Amino acid sequence: MEIYRGIADLEAAVGRELGPTEWFTMEQERIDRFADDTEDHQWIHVDPERAAAGPFGATLAHGFLTVSLVPYFLNQLRRIEGVRMGVNYGLNKVRFPAAVRGGDRVRARSTLIGAERVGADGVQLVTRTTVEIEGGDKPGCVAELVARYYF
């Protein structure tokens with residue numbers, strides 16, 4: 001766990017890779033709840049029997065479920081102290097190079113690729129996070145998260 005105590009610490013951390021995190025199991029129950037929350041009940045996500053006979057051999061986690069875990073993983077890798085407010089500002093780029101199947105274990109590595117001052121007391125961070133699949137050749141997700149922190 002890296003600890004940053006201000007904007008200067010964050011600026012100095014640009015280019016440093018953190019991780020990996022602990023493994024996280026993508027359980028079918030989580031996939032089903034995400035399907036309910038997003039109204040995306042496509043059979044490749046929620047029908048284990050049909051999905052087993054499909055092209056991936058198992059159900060798949062929604063890509064947006066996988067990317068939604070990026071803040072969870074970042075919280076395992078870094079802590080920013082002294083922040084009075086942090087906001088998700090968006091995503092620059094997201095790709096899903098490989099399918100995350102129900103039951104797969106995933107973990108993440110992150111690299112702070114940008115830190116730009118915003119006003120007198122803020123910083124905008126761009127963090128590239130790669131979500132690895134245990135035993136996989138390609139990652140399940142590569143995302144550039146943009147967030148702003150105010151001190």
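A salt bridge is a side-chain nitrogen of Lys or Arg within 4 Å of a carboxyl oxygen of Asp or Glu. Side chains of opposite charge can pair when their charged atoms come close. The model described here is predicted, so local features need pLDDT of at least 70 and side-chain atom pairs count only at pLDDT 80 or more, while totals for chains, interfaces and linings use all residues. Residues are numbered from 1 along each chain as its sequence is written, and side-chain values use heavy atoms, with hydrogens and water left out.

**Salt bridges**

Asp121 and Arg84 form a salt bridge, with 2.6 Å from N to O. Asp121 is in the loop between β6 and β7 (122-133), and Arg84 is in the loop between β4 (78-80) and β5 (85-95), so the pair links distant parts of the chain, 37 residues apart. Strands (E, at least two residues) and helices (H or I, at least four) are DSSP runs, numbered from the N terminus. Relative accessible area sorts residues into buried (under 20%), exposed (over 50%) and partly exposed (in between), using a 1.4 Å probe and protein chains only. Asp121 has a value of 28% and is therefore partly exposed, whereas Arg84, at 55%, is exposed.

The search of the whole structure finds 11 salt bridges. The table gives three of them.

| Salt bridge | N to O distance |
|---|---|
| Asp121 and Arg84 | 2.6 Å |
| Arg128 and Glu144 | 3.7 Å |
| Glu17 and Arg109 | 3.9 Å |

Glu17 and Arg109 form a salt bridge whose closest N and O atoms are 3.9 Å apart. This pair also links distant parts of the chain: Glu17 belongs to strand β2 (residues 17-18) and Arg109 to strand β6 (residues 105-118), 92 residues apart. Glu17 is partly exposed because its relative accessibility is 49%. Arg109 is partly exposed too, with 24%.

In the salt bridge between Arg128 and Glu144, the closest N and O atoms are 3.7 Å apart. Arg128 is in strand β7 and Glu144 is in strand β8 (residues 141-150), so this pair ties together parts that are 16 residues apart in sequence. Glu144 counts as buried because its relative accessibility is 16%, while Arg128, at 35%, is partly exposed. Salt bridges with shared partners also join Glu17, Arg107, Arg109 and Glu132 into one network.

**Aromatic rings**

Rings of Phe, Tyr and Trp (its six-membered ring) pair if their centres lie within 6.5 Å; planes under 30 degrees apart count as stacked, over 60 as edge-to-face and the rest as tilted. By this rule there are four aromatic pairs. One of them is Phe24 with Phe73, an edge-to-face pair with 6.2 Å between centres and 80 degrees between the planes. Phe24 is in strand β3 (residues 24-25) and Phe73 in helix α6 (residues 70-77), so the pair ties together parts 49 residues apart in sequence. Both Phe24 and Phe73 are buried.

Phe64 and Phe96 also form an edge-to-face pair, at 6.4 Å centre to centre and 85 degrees between the planes. Phe64 lies in helix α5 (residues 63-68) and Phe96 in the loop between β5 and β6, so parts 32 residues apart in sequence are tied together. Phe64 is exposed because its relative accessibility is 61%, whereas Phe96, at 38%, is partly exposed. Ring pairs also link Phe24, Tyr72 and Phe73 into a cluster.

**A charge over a ring**

The charged end of Arg148 sits over the ring of Tyr89, 3.9 Å from the ring centre. The rule asks for NZ of Lys or CZ of Arg within 6 Å of the ring centre and within 35 degrees of the ring normal.
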